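Please keep the sequence and the model in view while reading.

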Amino acid sequence: KLGGLDILVNNAGRQQFNESIRTLSTEDFDATFKTNVYAMFWITKAAVDYLPRGASIINTSSVQAYQPSEILLDYAQTKACIVAFTKSMAQQLGKEGIRVNAVAPGPYWTPLQVSGGQPQEKVKEFGASAPLGRPGQPVEIAPLYVTLASVESSYTSGQVWCSDGGTGTL
């Protein structure tokens with residue numbers, strides 16, 4: 001209705017810390033997968049027929065896909081799924097000239113941290129262990145999405161770009 005679709009950014013996320021698999025409920029596990037993985041699948045599936053040659057899909061993964069925290073078992077798994085989804089879709093859609101990449105942030109200050117994504121005692125120190133000594137702010141990662149969406153990145157597909165304050169996660 002608006003004249004086309006050139007860029008799809010999958011950025012929904014659910015993160016609720018849990019100390020143990022023993023206390024991680026099936027309902028919470030399912031909700032995390034439905035938000036982080038199923039939603040990305042459903043939205044991409046609905047959008048792909050509208051994407052022209054030269055379009056870009058950008059998925060949001062996390063450093064948790066590569067260095068999972070013990071208290072983010074379900075979240076880390078979903079972020080690893082997003083990496084595999086990104087690489088597989090890049091192969092599928094490359095023939096159509098559609099690029100698929102992912103951004104893997106961490107640690108970044110988002111509402112996920114204070115809404116149950118981390119224990120309150122960890123929120124106070126969130127990002128302090130990064131070599132830059134602080135968490136990133138959303139405005140600091142936005143340029144990665146813009147770059148991946150731009151025509152200047154026309155030969156970039158199937159990649160995961162990390163922004164992690166110097167921790168060297170990827």
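Two rings of Phe, Tyr or Trp, with the six-membered ring taken for Trp, count as a pair if their centres lie within 6.5 Å; planes under 30 degrees apart make the pair stacked, planes over 60 degrees apart make it edge-to-face, and the rest are tilted. By this criterion the structure, which is a predicted model, holds three aromatic pairs. One of them joins Tyr38 and Trp42, whose ring centres are 5.5 Å apart and whose planes stand at 90°, so this pair is edge-to-face. Both residues belong to helix α1, which covers residues 26-47, and they are four residues apart, about one turn of the helix. Tyr38 is partly exposed, its relative accessible area being 37%. Trp42 is likewise classed as partly exposed, at 47%.

Another of the pairs is formed by Trp109 and Phe126 and is tilted, with 5.9 Å from centre to centre and 55° between the planes. Trp109 is found in the loop between β3 (99-105) and α3 (111-117), while Phe126 is found in the loop between α4 (120-123) and α5 (138-149); the pair therefore ties together parts that are 17 residues apart in sequence. For Trp109 the relative accessible area is 31%, which makes this residue partly exposed. Phe126, by contrast, counts as buried, with a relative accessibility of 15%.

The cysteines come next. A disulfide is a covalent bond between the sulfur atoms of two cysteines. Here the cut-off is a sulfur-to-sulfur distance within 2.5 Å, and the count of disulfides comes to zero. Seen from Cys162, the closest cysteine sulfur is that of Cys81. Cys81 counts as partly exposed, at 31% relative accessibility, and Cys162 is also partly exposed, at 28%.

The last topic is helix α2. This helix comprises residues 73-94, 22 residues in total, and reaches 32 Å from its first C-alpha to its last, close to the 32 Å expected at 1.5 Å a residue. Its buried residues include Tyr75, Ile82, Val83, Phe85, Met89 and Leu93, and among them are also Asp74 and Lys79. Which elements are included in what covers these buried residues? The cover includes helices α1 and α3 together with strands β2 (56-60), β3 and β4 (160-163).

Note on methods
Residues numbered from 1 in each chain as written. Predicted model: local features only at pLDDT ≥ 70, side-chain atom pairs only at ≥ 80, totals over all residues. Heavy atoms only, no water. Helix = DSSP H or I, 4+ residues; strand = E, 2+ residues; numbered from the N terminus. Buried < 20%, exposed > 50% of the residue type's maximum accessible area, 1.4 Å probe, protein only. Expected span 1.5 Å × (residues − 1). Contact = heavy atoms within 4.5 Å.
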